[in-house]
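Colleague: I am new to this structure. Could you show me how to read its features?

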Amino acid sequence: AGGLRPHSYATLFALMACTGLRISEALALTCGDVDLDSGMLTVRAGKRGRMRLIPLHPTALPPMRDYADGRERRCGPPGDGDAFFRTDRSDRVSCSAASSTFIVLRRQLGWTAAGRTRAPRMHDLRHRMVVRRIQAWHAQGADVDRKIAVLATYLGHVEVRDVYWYMSAVPELLGIIADRFQGFAAHLPAGGP
């Protein structure tokens with residue numbers, strides 16, 4: 001209590017949830033990669049070593065700034081190459097420490113495997129962001145097929161088909177697709193196309 005650790009993990013998990021960053025990408029962020037003036041992250045440690053830019057939503061900036069300010073107050077001015085996520089005792093949050101902390105928080109929140117194939121994982125924060133984004137596009141009547149390529153780039157996927165996996169793997173999205181297909185099929189001439 002009162003240390004940097006709770007703020008570091010709250011900011012880390014919130015950032016993953018709102019951007020869909022992989023845990024490895026979030027933990028590899030340096031202070032030089034986090035530009036809170038322009039609201040842009042530079043992900044240098046993407047899958048297969050790919051780099052990409054991640055714009056932050058304006059609502060993500062105040063909590064990120066609060067964390068950065070608290071980090072500087074407790075640890076001094078950071079260098080560009082210093083890890084963005086750290087604690088009072090460690091100059092870099094490790095994946096194993098983040099995973100252990102997530103498991104403790106998951107238990108405290110009562111997140112279990114009940115009704116699921118497994119207990120929630122950190123990577124599920126990424127999946128949840130993608131599913132929510134696609135659901136929102138469907139609710140807005142957006143042309144999801146046109147937006148998927150942008151989402152794939154944002155997530156660091158090379159193939160657009162990697163994002164389409166969510167459509168078949170997530171019941172909520174499969175239900176939306178089934179409803180849309182029924183609407184389409186209802187307008188077909190009798191006897192088929």
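Colleague: In what order do the three strands form the open sheet?

Modeller: Strands of a sheet pair through backbone hydrogen bonds, either parallel or antiparallel. Here the order is 1-2-3 and the pairing is antiparallel. Strands are DSSP E runs of at least two residues, helices H or I runs of at least four, both numbered from the N terminus. Two strands pair if DSSP finds at least two bridges between them. Strand 1 (34-35) and strand 3 (52-55) are the edges, each pairing on one side only. Two bridges join strand 1 to strand 2 (residues 40-43). Asp35 stands opposite Met40 in strand 2.

Modeller: A word on the source. This is a predicted model, where local features need pLDDT of at least 70, side-chain atom pairs count only at pLDDT 80 or more, and totals for chains, interfaces and linings use all residues. Residues are numbered from 1 along each chain as its sequence is written, and side-chain values use heavy atoms, with hydrogens and water left out.

Colleague: Which residues of the largest nonpolar core touch the most other members?

Modeller: In soluble globular proteins, nonpolar side chains tend to be buried together. A nonpolar core is a set of buried Ala, Val, Leu, Ile, Met, Phe, Trp, Tyr and Cys residues joined through side-chain atoms within 4.5 Å; buried means under 20% relative accessible area (1.4 Å probe, protein chains only). In this core of 30 residues, the answer is Leu12, Leu41 and Phe84. Helix 1 gives the most, five residues.

Colleague: Where is the second core?

Modeller: That separate core has 13 residues, including Val131, Ile148, Val163 and Leu173.

Key
Buried means under 20% relative accessible area, exposed over 50%, partly exposed in between (1.4 Å probe, protein chains only).
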